[in-house]
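Notebook open, model loaded. I'm jotting down what I looked up, in the order I got to it.

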Amino acid sequence: MQNTIDFVNSLGDVILRAADGSYVLAQQIDAKPLRVAQVLDGALDTIGIEAATDPTTGIRYEFFIAAYGLSRDAAFNGFA
């Protein structure tokens with residue numbers, strides 16, 4: 001499943017938009033740089049540790065998935 005990064009900060013907080021239009025709230029576990037609009041392949045639909053891969057570079061990123069299946073408002077309200 002393709003996921004697009006909508007938000008990332010220096011603390012490792014990440015919001016990804018899933019292919020179905022829902023949002024995933026995650027914490028990056030590794031220290032590899034991420035950028036907004038970056039596409040990652042992976043099934044990020046389970047609470048816990050998951051991984052996704054950048055299809056253009058082959059770099060694998062690890063995340064702790066805190067929530068998935070969220071609306072955009074619900075995902076971004078997690079940072080309010």
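I began with Phe7, which comes out at 25% relative accessibility and so counts as partly exposed. My cut-offs: buried is under 20% relative accessible area, exposed is over 50%, and partly exposed is in between, with a 1.4 Å probe and protein chains only. Phe76, at 23% relative accessibility, also goes down as partly exposed.

Before going on, a note on the source: this is a predicted model, where local features need pLDDT of at least 70 and side-chain atom pairs count only at pLDDT 80 or more, while totals for chains, interfaces and linings use all residues. Residues are numbered from 1 along each chain as its sequence is written, and side-chain values use heavy atoms, with hydrogens and water left out.

Next, aromatic pairs. I took rings of Phe, Tyr and Trp (its six-membered ring) as paired if their centres lie within 6.5 Å; planes under 30 degrees apart are stacked, over 60 edge-to-face, and the rest tilted. How many aromatic pairs does that rule give? The count is one. The ring centres of Phe7 and Phe76 are 6.1 Å apart with the planes at 75°, so I logged the pair as edge-to-face. It links distant parts of the chain, 69 residues apart: Phe7 is in strand β1 (residues 2–8) and Phe76 in helix α1 (residues 72–77). Helices (H or I, at least four residues) and strands (E, at least two) are DSSP runs, numbered from the N terminus.

Then I looked for charges over rings, meaning NZ of Lys or CZ of Arg within 6 Å of the ring centre and within 35 degrees of the ring normal. Phe76 turned up again: the charged end of Arg72 sits over its ring, 4.4 Å from the centre. Lys32 has its charged end over the ring of Tyr61, 6.0 Å from the centre.

On to strand β3 (residues 23–28). Five of its six residues are buried, so the strand is largely enclosed by the rest of the structure. I called two strands paired if DSSP finds at least two bridges between them. Strand β2 (residues 13–18) runs antiparallel to β3, joined by five bridges, and Asp13 stands opposite Gln27 in β3. β2 and β3 make a hairpin with four residues between them, and Gly21 in the turn has a positive phi of about 95°. β3 also pairs with strand β6 (residues 60–70), antiparallel over five bridges, with Tyr23 opposite Leu70 in β6.

Last stop, Ala37. Its phi is positive, about 80°, although it is not a glycine. I found Ala37 in the loop between β3 and β4 (39–41), and at 54% relative accessibility it counts as exposed.
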